[in-house]
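I opened this notebook to record what I looked up in the structure.

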Amino acid sequence: MGGDGKVFTLTEVSQHSSPQDCWIVIEGKVYDVTKFLDDHPGGDEVILTATGKDATDDFEDVGHSSTAKAMLDEYYVGDIDSATAPTKTKFVPPSKQTESIQDKSSDLVIKILQFLVPLLILGLALGIRFYTKTPSS
Ligand code: HEM
């Protein structure tokens with residue numbers, strides 16, 4: 001890669017967030033995309049909103065082509081100090097796991113309720129019918 005192995009903090013990178021001076025962080029690498037802004041098929045706006053943070057997810061979510069990924073190299077200026085901007089992608093699996101565990105337990109509560117509520121209504125209806133029934137002789 002064409003970079004000189006510099007390491008930047010997220011604060012340093014955040015200082016380059018304008019159309020005249022625009023850096024973005026993708027997968028732990030810092031790119032100076034100032035010259036690319038006008039040429040970006042997705043427009044400069046989206047790239048500018050992805051500054052000052054780890055833009056990996058934003059970049060990936062678009063489903064950029066391998067051509068787009070290969071273009072990154074040209075703008076590489078250094079790496080991000082991971083202590084200042086932990087790469088989100090590395091932490092997605094565990095957080096997704098806990099999310100789904102939480103989801104599962106609340107799913108279970110909903111399933112139990114979905115089972116119990118009709119039973120309660122049925123019981124109530126039968127109870128009312130039992131107590132209001134005119135005694136037949
Ligand atoms: C240096 C960084 C980037 C490069 C080199 C790049 C390159 C490209 C290229 C070549 C395309 C055309 C489609 C393709 O080949 O996949 C594209 C489309 C697009 N890009 Fe990027 N991109 C960069 C960063 C970003 C970021 C950070 C975002 C969003 C926050 C973004 C959002 C989009 C969108 C929305 C399109 C779709 C445009 C359309 O289909 O009309 N790009 N980009």
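I began with the pairing of S1 with strand S5 (residues 76-80), which is parallel over 3 bridges. Strands are DSSP runs of E with at least two residues, helices are runs of H or I with at least four, and both are numbered from the N terminus; two strands pair if DSSP finds at least two bridges between them. I noted Gly 78 in S5 as the bridge partner of Lys 6.

I recorded the conventions next. The model is predicted, with pLDDT of at least 70 required for local features and 80 or more for side-chain atom pairs, while totals for chains, interfaces and linings use all residues. Residues are numbered from 1 along each chain as its sequence is written.

I then traced the whole sheet: it is open, has 5 strands in the order S1-S5-S4-S3-S2, and its pairing is mixed. Strand S1 (6-8) and strand S2 (17-18) are the edges, each pairing on one side only.

I looked up Thr 11, which lies in helix H1 (residues 10-14). Thr 11 counts as exposed because it has 11 C-beta neighbours inside 10 Å; the exposed class requires 12 or fewer other C-beta atoms within 10 Å of the residue's own, placed from the backbone. Its C-alpha is 9.1 Å from that of Lys 53, 42 residues apart in sequence.

How values were computed: A residue is buried if 20 or more other C-beta atoms lie within 10 Å of its own, exposed if 12 or fewer, and partly exposed in between; C-beta atoms are placed from the backbone.
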